[in-house]
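Student: I have a new structure to look at and would like to learn how to read it. Can you walk me through a few features?

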Amino acid sequence: MKGESGISYLMDFDIVAGIVPDYMHGICLGVTKSLLSKWFSTKHRAQDYFIGENIEVISRRMENLKPPYSIERLPRNLEKNYQHFKATELQSWLLYYAFPCMEDFMDDQYLENFSCLSEGIHILLGDKISQEAITNAEDLLQQFYASFERLYGEGSCGLNVHNAGLHLSYYVKLWGPMWCWSCFPFEDVNSVLLKSVHGTGVVLRQAMKYRQAELCIRRKGLQLKKCDSLRITCKAINCDVGGSLQPLQQHDLEDSVKTVLGNILPENLFNLKKVNRIVVNQMKFYSEEYSRMQKRICTVVLYGNDDIGKIKYFVLCEYSKCVYAVLEQMQNIPLSQVQGARVLNHYTVVSPTRNLVVTNVENLKEVLVFLDVLSRNRQYVIRMPNSYGHAIFK
């Protein structure tokens, strides 16, 4: 653009406050992709931050991770694909995968710098961000910006790094969380537009006809594509049940589970069914016994008073039409007890226990990202930053 922009003359429009720096292109496809290149590209071999000699091990770690269903793209081979990652893959790397995969190989000062970026962005993607949280994110991103040029060399602080360090929190204060105004949903619609065009002639007419047909089909109550919701086989009073109902005998129940259920359901322990999939408040939950889930872990959840547990199975009482979840409690490990711990605040180190708890499925709050780093014998859980923008995780 040469000279003064015409939109600066618009009434009641502030050209600075009204045009946001895009999170998808600036942070995911910008800063995160640039960092991947610095760490793994052989042209940076002579630099202190280069860890490309470990990319094969780091890649194996990442490929062994099993995200929940809300992160649609599974981890790909880092060594072969990092230069071609989609924005959503870069987002998952930034928020979840990078820290546990690289913590053994990266020097402390570089890991700390990246941690400030990861944690700050995680906060600004939240659905309910307090003033205190914004201040915390602002401090973290300023720390990231302040040390970036010292670590990565003169001239490394381009526009994207500058915006991340100094301006993102300002626009969150003005316009809300970053997922509200990022380009992710617009890019999703671009794919819909591309699919609506099948030739080179009168492109607009093709797109409009596609849209008209889509609306017509929806008005008739038909589905345009295969629905990914569960096949509901039973409606309980507190959830919808998907899949088959398996008979559950008293001798199949663990003693602690039998005791709790006996107090909740007196004289009705003969009318139980085992269930592996349910829908509560439009959220899907899966049990550990759902064998078709091979490449994902969707069983670790937040429940009750922000406790963490792994769902073993669900119990349906046919008499009361109520479903209960049987969970194995997971214990939070204090950082003081974790050898060589350098954990970000949005990560929690956990370990399984043998304690089983029974709770009404209405107490299940959300599915957590569970990362089992086998090579380090360490397990992490991370909360999704928001519940409204999960459609952007592809």
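Tutor: Let's start with contacts, meaning heavy atoms within 4.5 Å. Of the contacts here with a separation of 6 or more, 66% join residues 24 or more positions apart. This is a predicted model, where local features need pLDDT of at least 70 and side-chain atom pairs count only at pLDDT 80 or more, while totals for chains, interfaces and linings use all residues. Residues are numbered from 1 along each chain as its sequence is written, and side-chain values use heavy atoms, with hydrogens and water left out.

Student: How much of the protein is buried?

Tutor: Buried means under 20% relative accessible area, using a 1.4 Å probe and protein chains only. Here 48% of the 394 residues qualify.

Student: And which residues touch the most other members of the largest nonpolar core?

Tutor: A nonpolar core is a set of buried Ala, Val, Leu, Ile, Met, Phe, Trp, Tyr and Cys residues joined through side-chain atoms within 4.5 Å. In the largest one, with 67 residues, they are Trp39, Phe40, Leu78, Trp93 and Ile121. Helix α4 (residues 87-102) gives the most to this core, 11 residues. There is also a second, separate core of 25 residues, including Tyr303 and Leu364.

Student: What does Trp93 contact beyond its neighbours within four places in sequence?

Tutor: Its partners include Thr32, Trp39, Phe40, Leu78 and Phe114.

Technical notes. Buried means under 20% relative accessible area, exposed over 50%, partly exposed in between (1.4 Å probe, protein chains only). Helices (H or I, at least four residues) and strands (E, at least two) are DSSP runs, numbered from the N terminus.
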